[in-house]
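This report describes the fold of one protein chain. Please look over the sequence and the model before reading on.

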Amino acid sequence: MRVRVVGAGVVGLTSALRLAQAGHEVDVVAAAVGHGTTSSIAAALWYPYRAYPEAAVTRWSAATYRVLQGLTADPSAGVRIRRGRELFREYTPDPWWREAVPELGRVAGDRLPAGYVDGYELSVPVVDMAVHLPWLRGRLESAGVPLRAARVGDLAEAFEGADVVVNCTGLGARELVHDGTLTPVRGQVIVVAQFGLTEWFLDQTDPEQLVYVVPRGDTVLLGGTAEERDEDLRVRPGTTAAILERCRRLVPALRGADVLDHRVGLRPGRPTVRLETEVVDRGPVVHCYGHGGAGVTLSYGCAEEVAALVAGLS
């Protein structure tokens, strides 16, 4: 079938690739591509963050983990397995997504920084989005999938020349399909030069003022914030200073790292991920959006389900 994917973040690109691999005639159209997408700003540490429902998210996350683990064999994909720690200031049970990872241990007491009493330790994929998004576009180009930068005003426009539309517009679904359940969650991050760090760190004690330090290849990403219903895309100097202070307190070696960039993005928060087929006047629409802060973590698993839903239409 002729399938048009709307949206060129990691969810849209992985869905388009999986559909092309299934033999469909696919094209991608998006208002934002490359550095203009929310995906390009993501820390891209595999972690089911602010995404629901739990059972489906665990399934999609596990599937994505397996795909990303396989991609570590291709250096051009920008995926590494990194060991790291999530730290807590009170005793905490295993996470609800425990079954999605091969192993998860507890941080030994002598490895807990001052002020922390508990922690998880696990190895997960870390994706360098500056590398992985171009890699995905290259795979699509090789598969004969064109990508066009254009804003789609409504579903009727999206159906021009297509039998099926796959809606991967993220926060853009507020306008495209008038979904009022979507909530922007502002995230501000800092990119610093790599200084030899190989282990990631995460502290969600304050759900709005997060602490995460995620090493990629040549850079380390520092975060961050999770400010609901805040759509300001400007970099706030006060927030920058606060992020640096929180991260340096956790990883003192950051004090000598060169700051390279500051970025702000809006996560597409939603009570649950919307992954379903809807039949409208012009034909079937497969919706796949509302991944919260877990777009990368759910991408390949959701792409498989998108392909299955499209296959069920033929």
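## Terms and model

Helices (H or I, at least four residues) and strands (E, at least two) are DSSP runs, numbered from the N terminus. Two strands pair if DSSP finds at least two bridges between them.

The model is predicted: local features need pLDDT of at least 70, side-chain atom pairs count only at pLDDT 80 or more, and totals for chains, interfaces and linings use all residues. Residues are numbered from 1 along each chain as its sequence is written, and side-chain values use heavy atoms, with hydrogens and water left out.

## Overall form

The chain contains seven helices and 15 strands. Its C-alpha atoms fill a box of roughly 60 × 40 × 35 Å along the principal axes. The radius of gyration is taken over C-alpha atoms, and the globule rule is 2.2 Å times the number of residues to the power 0.38. For 314 residues a compact globule would have a value near 20 Å, and the 19 Å of the chain agrees with that.

Of the 314 residues, 56% are buried. Buried means under 20% relative accessible area, exposed means over 50%, and partly exposed lies in between (1.4 Å probe, protein chains only). Contact means heavy atoms within 4.5 Å. Among contacts with a separation of 6 or more, 74% are between residues 24 or more positions apart.

## The six-stranded sheet

Six strands form an open sheet with mixed pairing, in the order β6-β2-β1-β7-β15-β14. At its edges are β6 (147–149) and β14 (274–280), each of which pairs on one side only. Neighbouring strands of this sheet are turned by 20 degrees against each other on average, direction ignored; here axes are lines fitted to C-alpha atoms, for helices over the stretch in contact, and angles run from 0 to 180 degrees between N-to-C directions.

Within the sheet, β1 (residues 2–6) runs parallel to β2 and is joined to β2 by five bridges. V6 stands opposite V29 in β2.

Strand β10 (residues 209–215) has six of its seven residues buried. Three bridges link β10 to β9 (residues 200–203) in antiparallel fashion, with L202 opposite Y212. A hairpin of five connecting residues joins β9 to β10.

β10 is also antiparallel to β11 (residues 219–225), through five bridges. V214 has L221 as its bridge partner in β11, and three residues lie between β10 and β11 in their hairpin.

## Nonpolar cores

A nonpolar core is a set of buried Ala, Val, Leu, Ile, Met, Phe, Trp, Tyr and Cys residues joined through side-chain atoms within 4.5 Å. The largest one has 71 residues, and L19 and V166 have the most contacts inside it. Not counting residues up to four places away in sequence, V166 touches V3, R4, V5, V6, L19, V286, V306 and V310. A second, separate core of 19 residues includes L87, L197, I243 and V251.

## R50

R50 lies in the loop between β2 (25–30) and α2 (54–71). With a relative accessible area of 23%, R50 is partly exposed. Beyond its neighbours within four places in sequence, R50 is in contact with V185, A226, E228, H291, G292 and G293.

The side chains of R50 and E228 make a polar contact at 2.5 Å. Such a contact is a pair of N or O atoms within 3.5 Å; within protein, one must be able to donate a hydrogen and the other to accept it, and residues adjacent in sequence count only if both atoms are side-chain atoms. The C-alpha atoms of R50 and L68, 18 residues apart along the chain, are separated by 20 Å.
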